[in-house]
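Subject: The two-chain model, handed over

Hi,

Here is the structure I promised to pass on to you. Please have a look at it first, and then read on for what turned up when I went through it.

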Amino acid sequence: MEKTYGDSKCLNRVSFTVSDGEFSVLLGPSGCGKTTLLRCIAGLERPDSGHVYIGEERVDAFPPGQRDIAMVFQTVSLFPHMTVAENISFPLKVRGSSVQAMGDKVREVAKLLSIEGLLDKAPRELSGGEQQRVEIGRAIAREPKAFLMDEPLSSLDSPLRAQLRAELKRIQREVGATILYVTHDQAEALALADRIGVMNRGTLLQYDRAKNVFERPSSVFVARFVGDPQANIIDVRVVRADGPAAFPQQSQPYTVIGEGFRSSIPATTARDILEKVRTLQQGGPQADGAIQVSIRPEDIQVATSPGESGGEIKGRVVVDETLTLYRLLTVELDGDQGQASGDSPGRTSLKVLSGKESKFGIGDEVWLRPDLGKAHYFERTTGAAIL
Amino acid sequence: MVERYWYLLLIPILVVLSVVEFYPLLYGVYLSLTGPNGNATLANYSQMVSDGDFWNSVVVSLTISVLSTIFAFCLGLALTFLILQATKWRGLLEAVFLAPLAMAPIAVGIVWAPSTVWDDFQTFTHFIIRLPYFSELSVLFYVPVMSLSEAWEWAPLVMLVCMSIINLTSKSIYDAARLNGASPWQVFRDITIPSIVRSPVMQFVIVLQFINAMWAFEIPLAWSRWLGFSTSVGSPTDTLSLFLYKLLFIPSFGYPIQLVSAIAVALIVLTLVGTTVMVRLLSKMGN
């Protein structure tokens with residue numbers, strides 16, 4: 001599917017499949033085109049080109065009402081002059097269901113969502129969470145082929161959001177619903193999704209099992225966007241320990257060097273990286289092993305003194321944030337350790353996790369040992385994954 | 001300062017109001033309560049309620065008001081529905097529909113009258129579609145037509161208010177209705193109309209239309225001329241305003257100014273009572 005608004009490409013050759021009964025989440029920053037994509041699928045907007053298939057059927061020419069898709073919106077879309085029960089039964093009424101059938105369905109849905117007590121109330125008498133429940137109920141009542149959900153929980157406050165999130169997951173299992181869900185909240189995506197699609201600037205960067213998106217990001221954007229706290233992304237080069245990597249030879253120690261950053265790397269990994277970079281860059285001006293590495297804060301060990309084997313990176317704690325389960329330290333690396341490469345101005349700082357009880361304080365000298373085995377490497381200009 | 005002497009700030013507007021509003025009103029009430037010699041009396045009112053032409057005008061005014069209010073609302077809704085269906089040229093369509101709003105009521109009275117519209121209309125219906133003639137002089141024809149032409153002038157305002165109410169409602173409500181399989185007509189009937197009727201702004205416009213129609217003058221005047229009632233009172237075109245006009249400016253009727261004042265006061269009271277009833281009714285409907 002493609003769609004352009006004026007000069008800006010809102011959807012850029014987006015293509016993916018949601019399997020039956022699957023909970024798929026599109027994740028991306030606001031303005032990345034995920035809502036437009038959803039509206040195109042629903043038929044509320046018309047893509048410039050591309051097709052939508054529901055099951056085997058191509059529904060491009062169908063108006064929204066005939067696609068048999070239900071949608072839950074970000075803003076409340078309950079009909080204000082109808083009671084909760086009337087709202088839930090509206091899609092059935094439009095299809096000419098009998099009063100008896102509508103009543104049965106409303107009761108069934110109300111039970112599923114535990115809103116039996118609200119059926120006679122008007123939408124304005126409900127709290128935000130209750131309204132969103134009713135919206136979901138209205139979507140479920142008509143038993144559509146698929147559900148589209150556009151940030152349905154984003155207007156709720158945090159505890160309620162977590163509660164409704166868990167409930168949504170339970171309901172999806174019980175009903176066996178096929179859901180395409182849109183959010184900018186990566187925690188929500190990871191909690192809900194069987195499959196996650198990460199979008200940025202109208203492009204679907206990666207569409208994969210939730211676990212894979214987290215563990216094998218396809219691009220530097222995905223690595224940065226998925227995961228909380230955010231991964232550290234730094235500009236580095238892979239070099240042989242004794243100098244620039246002119247030609248990788250066996251059994252030579254390799255090092256990853258950045259501004260203030262230096263860490264040894266297994267020779268096989270290094271050779272793979274260099275090989276790949278060479279092909280990708282095709283002997284361009286930067287064909288010297290210049291890449292980006294992404295290291296998650298949880299993959300960096302932090303200590304108050306250097307270990308016996310050496311090889312740690314020295315730095316200084318500049319920010320100390322106490323979060324719910326751990327502390328997040330921002331460590332500024334000493335400038336004289338690495339090799340000034342000239343292409344990353346300023347000092348590098350890394351975010352690392354430490355236990356709640358640890359005694360690091362601001363200004364303390366610390367030694368970091370990143371686990372490069374769990375790091376991800378990306379080509380510097382395109383951001384594409386190398387390994 | 002301002003908190004304590006707020007009433008001082010009201011003085012300028014009160015002065016203006018008392019000159020242009022309160023004085024004429026109170027003087028009218030005063031006149032209606034005095035006899036020919038300046039003595040206090042209720043005789044004007046008792047004479048008024050025993051006057052058949054007065055009651056005729058009350059019935060005419062109320063009929064035209066109620067009919068034209070209903071017509072204006074329905075017509076405004078119809079225009080709104082048409083505009084909502086237009087995907088192209090919506091601006092142009094709106095401009096065309098708004099035109100009656102800019103017309104002088106007397107012109108509306110002339111445009112809708114038999115010789116300009118209905119004679120040609122009958123030519124078409126009778127000779128082309130072969131429908132029987134109907135009498136343009138029948139009360140059952142011209143009272144609804146008068147109401148309709150009153151409504152025709154106000155429908156664009158109803159349409160404007162409808163459009164602004166629709167633009168203020170969350171778009172996702174309409175999206176949700178469409179996605180649930182509602183046809184454009186079902187969306188309009190089940191979602192749009194209820195939200196329009198519930199809107200306080202729309203209720204205000206309806207009441208305003210009622211008041212306006214209670215004072216209808218120009219269109220009834222034009223019809224009164226077409227039908228040959230210019231020099232008589234008690235005809236089905238005589239709204240209270242037109243009745244008052246005829247009493248004042250046709251000396252042969254010989255109504256004293258005190259009696260005319262009593263009728264003017266009655267018109268105001270009737271309008272206030274009608275308005276109150278409507279406000280009650282509408283707010284009950286809204287809930």
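Let me begin with chain B, whose secondary structure consists of 13 helices and zero strands. Do keep in mind throughout that this is a predicted model. The C-alpha trace of chain B spans about 75 × 75 × 30 Å along its principal axes. Of the 287 residues in chain B, 43% are buried. Its accessible surface comes to about 15,400 Å², and carbon and sulfur atoms hold 73% of that. As for charge, chain B carries 12 positive and 14 negative side chains, with the centres of the two sets 13 Å apart. If we take the contacts in chain B between residues at least 6 apart in sequence, 70% of them join residues at least 24 apart.

One is helix H12 of chain B, which covers residues 240-249 and is mostly covered, with seven of its 10 residues buried. Those buried residues are B:Leu240, B:Ser241, B:Leu242, B:Phe243, B:Leu244, B:Lys246 and B:Leu247, so a lysine and a serine sit on the list under the 20% relative accessible area that counts as buried. The other is B:Leu92, in helix H4 of chain B (residues 90-98). Is B:Leu92 buried or exposed? B:Leu92 counts as exposed because its relative accessible area is 56%, and the cut-off for exposed is over 50%. Between the C-alpha atoms of B:Leu92 and B:Ala177 there are 27 Å, with 85 residues separating the two along the chain.

Now to chain A, which has nine helices and 20 strands. Its C-alpha trace spans about 80 × 50 × 35 Å along the principal axes. Chain A has 387 residues, and buried ones make up 51% of them. The accessible surface of chain A is about 18,100 Å², with 48% belonging to carbon and sulfur atoms. There are 47 positive and 51 negative charges in chain A, and their mean positions lie 2 Å apart. Among the contacts of chain A with a separation of 6 or more, 67% are between residues 24 or more positions apart.

On to the cores. Which residues have the most contacts inside the largest nonpolar core? They are A:Ile88, A:Phe147, A:Tyr181 and A:Ile196, in a core of 43 residues. Helix H4 of chain A (residues 128-141) gives the largest share of this core, five residues. Apart from this core lies another, of 42 residues, which includes B:Ile191, B:Leu240, B:Phe243 and B:Leu259. Back in chain A, and leaving aside residues up to four places away in sequence, A:Ile88 touches A:Val106, A:Val109, A:Ile115, A:Leu119, A:Val134, A:Gly137, A:Arg138 and A:Ala141.

Last, the interface. How many residues does each chain bring to the contact? Chain A brings 25 residues and chain B brings 16. Together the chains bury about 1,700 Å², and 60% of this area comes from carbon and sulfur atoms. On the chain B side, B:Arg178, B:Leu179 and B:Asn180 supply 38% of the area buried against chain A, more than any other three residues.

Conventions:
Residues numbered from 1 in each chain as written. Chains lettered and ligands numbered in written order. Heavy atoms only, no water. Buried < 20%, exposed > 50% of the residue type's maximum accessible area, 1.4 Å probe, protein only. Helix = DSSP H or I, 4+ residues; strand = E, 2+ residues; numbered from the N terminus. Contact = heavy atoms within 4.5 Å. Areas by Shrake-Rupley, 256 points an atom, 1.4 Å probe, with all protein chains shown as cover. Lys, Arg positive; Asp, Glu negative; His and termini not counted. Charge placed at Lys NZ, Arg CZ, Asp CG, Glu CD. Core = buried A, V, L, I, M, F, W, Y, C linked by side-chain atoms within 4.5 Å. Buried area = accessible area lost by both parts, 1.4 Å probe.
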